[in-house]
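Thanks for coming. I will go through a few contacts in one structure, and then stop.

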Amino acid sequence: MRSFSYVSAPDVESALTAIASEGAKFLGGGTNLVDLMRERIEQPETIVDISRLPLTEIEELPDGGVRIGALVRNSHLAAHRVIRVRYPVLAQAILHGASAQLRNMATVGGNLLQRTRCLYFYDEAAPCNKRVPGSGCGALGGFARNTAILGTSEHCVATHPSDMAVALTLLDATIEVESSRGTRRIPIADFHCLPGETPDVETVLAADELITAVELPPVPVARNSRYRKVRDRASYAFALVSVAAALEVEDGVVRTVRLALGGVGTKPWRAREAERVLTGTPATADSFRQAADAELAAAVTLPDNAFKTGLAQRTIVATLRQLTEGSPA
Amino acid sequence: MAEITLRINGSAETLDVQPQVSLLDALREHLGLTGTKKGCDQGACGACTVLADGERINSCLALAMQYEGREITTIEGLDHPLQEAFVRADGLQCGYCTSGQICSAVGMLAEHKEGAPSAATEDLEAAEEELSDEEIRERMSGNLCRCGAYNGIVSAIKEVA
């Protein structure tokens, strides 16, 4: 690991002052950044440790939503009673990511900023447009089993690795950000960028902006929601495909549906086309399949990852069928 | 170099470290507490698991400086029925992952007692889920055992739970 200087920030103001120095980076739980520094993919000059900032509260809002401090640990959020009852999809998504040790360390803000686990991003000897802009993409024509099929470009096919962010995308969370220029609120759908011609630009966050909170709006349909993840081993692995879904069925007809996908997109993927197709149709496996196909029609596959289209379709259908059973008739 | 004070197994330890020194290296190389093991050094195996304020963490991904003021417990500071139970149940073969397995299991039992759910928990609204074999395996999935002593590890944890 390259040497760096270390500053521990006692409050948000001092964190924002310290981040102004050249090559400075915030350190939250460290589960991703410390690893990337050891691999020399990240080489900050200064680490601004924000883990002692008082941003660890989970508050219920008057409108029925919830405000989550950016430094709430993933495990604490998943175990919170209000999240488990009102937003089970979020608790399940978090619990399906990483290990208990990592969830005890990782923060909500940091989870949103996770870097891809694409093998070529980690391999210093390989080209990667995310790591070295303009160097090319090793995954195209390489070993691409874990890469994305939605939102890709000719410059990058890396998946976004987060489970939590898929659930937050389903729930239309808002990300609150602070800098010396003030506060801004970013809808999660606008937070992560598609790779396009600049895969190295992953979010709209500026280098000196600090995530301070994530807010969940009230989402009544989320009481009947779940997260289903398919991976190469039973636990503690990144998704091949994951599905976050919330469903309300009335008289056998889909009244409200929300759907988001992980493991297949270059960003946490809200399946709006599937939602549009499914709303108002009979809650049957056939409708679910048609909705999944409508979303996945945009998929661009490589020989190694072409299986993800079928796997995603079947996982969407299976998840919606589970929710149909749980939806009050 | 900076002088920091870590609270390890109930006593205050002062040491000089560079910012890039992990909690794991501080324990092993600076304080001689070699019970905590270095496996992958990238948060994938769990051999380095210690408790910070009673919660299990991977010490390889923790910068020592970040943990100043926290109460760290390593295998050397534990006196827990799980240790005997691992021996009785053959919860190990080579033993390299065992310190991490035991620290992790101590943290896991505390999480379960507080009602924390896991990915294996079907009813998130239920007050308490029984610690079934499936729950134990899911909750312990952050600790790999290359010898494959998993059946013994599950038995040992069940005996103590």
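This is a predicted model: local features need pLDDT of at least 70, side-chain atom pairs count only at pLDDT 80 or more; totals for chains, interfaces and linings use all residues.

I start with a pair of helices in chain B: the crossing of α2(B) and α5(B) is right-handed. On the α2(B) side the contact is made by P81(B), L82(B), A85(B), F86(B) and R88(B), and on the α5(B) side by I153(B), A156(B), I157(B), E159(B) and V160(B). Sorted by class, this contact has 8 nonpolar residues, 2 charged ones and no polar ones.

Now the geometry. Two packed helices are described by the angle between their axes and the distance between the axes. Here α2 covers residues 81-88 of chain B and α5 covers residues 150-160 of chain B; their axes come within 8 Å and cross at roughly 140°. That angle makes α2(B) oblique to α5(B). The cut-off matters here, because only angles over 145 degrees count as roughly antiparallel.

Next, salt bridges. Side chains of opposite charge can pair when their charged atoms come close. How many salt bridges does a search of the whole structure find? Over all chains, the search finds 34.

I will show a few of them. R2(A) and E45(A) meet through their side chains in a salt bridge, at 3.3 Å from N to O. This pair links distant parts of the chain: R2(A) is in the segment before β1 (5-8) of chain A, while E45(A) is in the loop between α2 (33-38) and β3 (46-49) of chain A, 43 residues apart. R2(A) has 37% relative accessibility and counts as partly exposed. E45(A), at 44%, also counts as partly exposed.

The second example is D172(A). Which residue forms a salt bridge with D172(A) at 3.2 Å between the closest N and O atoms? The partner is R258(A). D172(A) lies in the loop between α9 (164-170) and β6 (174-179) of chain A and R258(A) in strand β11 (residues 253-262) of chain A, so this bridge ties together parts that are 86 residues apart in sequence. Is R258(A) buried or exposed? R258(A) is buried, because its relative accessible area is 16% and the limit for buried is under 20%. D172(A) is partly exposed, at 29%.

D172(A) also forms a salt bridge with R272(A), with the closest N and O atoms 3.6 Å apart. Again the pair links distant parts of the chain: R272(A) is in helix α11 (residues 272-278) of chain A, 100 residues from D172(A) in its loop. R272(A) is partly exposed, with a relative accessible area of 45%.

There is also a network of salt bridges, which links K25(A), E42(A), R115(A), K130(A) and E202(A).

I47(A) lies in strand β3 of chain A and counts as buried, at 0% relative accessibility. Beyond its neighbours within four places in sequence, I47(A) is in contact with F4(A), S5(A), Y6(A), V7(A), K25(A), L27(A), L33(A) and M37(A). I47(A) and I19(A) are 28 residues apart in sequence, and their C-alpha atoms are 8.5 Å apart in space.

The other residue is N74(A), in helix α3 (residues 74-79) of chain A. N74(A) counts as buried, at 5% relative accessibility. Leaving out neighbours within four places in sequence, the contacts of N74(A) include I94(A), R103(A), A106(A), T107(A) and M164(A).

That is the end of the talk.

Conventions: Residues are numbered from 1 along each chain as its sequence is written. Chains are lettered from A and ligands numbered from 1 in the order in which they are written. Side-chain values use heavy atoms; hydrogens and water are left out. A salt bridge is a side-chain nitrogen of Lys or Arg within 4 Å of a carboxyl oxygen of Asp or Glu. Helices (H or I, at least four residues) and strands (E, at least two) are DSSP runs, numbered from the N terminus. Buried means under 20% relative accessible area, exposed over 50%, partly exposed in between (1.4 Å probe, protein chains only). Axes are lines fitted to C-alpha atoms, for helices over the stretch in contact, and angles run from 0 to 180 degrees between N-to-C directions. Angles under 35 degrees count as roughly parallel, over 145 as roughly antiparallel, 65 to 115 as roughly perpendicular and the rest as oblique. A crossing is left-handed if the near helix is turned anticlockwise from the far one by less than a right angle, and right-handed if clockwise. Contact means heavy atoms within 4.5 Å. Ala, Val, Leu, Ile, Met, Phe, Trp, Tyr, Cys and Pro count as nonpolar, Asp, Glu, Lys and Arg as charged, and the others, Gly among them, as polar.
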